Amino acid sequence: MRKSLNRTIKNTRRNAIVRCSCATGVRWAGFVDSSTGAFTAITTIQTPYDVEKFMDAYGVDVVTTQYVDCT
């Protein structure tokens, strides 16, 4: 039997985001610590379904998008 994918993030200072690179187009789903700004990448995003899987696996209701490397 497969292990449950439900995971919990115990630290309430972490916000779920999808970080997108303007330069390369690479997208990562992960968490950013609101006090330090440190980003922890969890998985790459290639399709909209990947975002849904990330949200289901970590019990996230809202994911914001952050663009980086934009000049």
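A salt bridge, in these legends, is a side-chain nitrogen of Lys or Arg within 4 Å of a carboxyl oxygen of Asp or Glu. The views show a predicted model, in which local features need pLDDT of at least 70 and side-chain atom pairs count only at pLDDT 80 or more, while totals for chains, interfaces and linings use all residues. Residues are numbered from 1 along each chain as its sequence is written, and side-chain values use heavy atoms, with hydrogens and water left out.

**View 1. The salt bridge joins D50 and K53.** The closest N and O atoms of this pair are 3.8 Å apart, and the count for the model comes to 1 salt bridge. Because D50 and K53 lie 3 residues apart in helix 1, about one helical turn separates them. D50 counts as buried, at 16% relative accessibility, whereas K53 is partly exposed, at 42%. Here buried means under 20% relative accessible area, exposed over 50%, and partly exposed in between (1.4 Å probe, protein chains only). Side chains of opposite charge can pair when their charged atoms come close.

**View 2. Welcome to the whole chain, with its 1 helix and 4 strands.** Helices (H or I, at least four residues) and strands (E, at least two) are DSSP runs, numbered from the N terminus. Of the 71 residues in the protein chain, 24% are buried.

**View 3. The 4 strands form an open sheet in the order 3-2-1-4, with mixed pairing.** Strand 3 (39-44) and strand 4 (64-68) stand at the edges with a single partner strand each, so one side of each has no neighbour in the sheet. Two strands pair if DSSP finds at least two bridges between them.

**View 4. Strand 1 (residues 14-21) and strand 2 (residues 27-33) run antiparallel.** Look between these two strands for the 7 bridges that join them.

**View 5. The largest nonpolar core has 11 residues in all.** Among them are A16, V18, F31, F54 and Y58. Such a core is a set of buried Ala, Val, Leu, Ile, Met, Phe, Trp, Tyr and Cys residues joined through side-chain atoms within 4.5 Å. Strand 1, strand 2 and helix 1 (48-58) are the elements that give two or more residues to this core. Helix 1 gives the most, with 4 residues. In soluble globular proteins, nonpolar side chains tend to be buried together.
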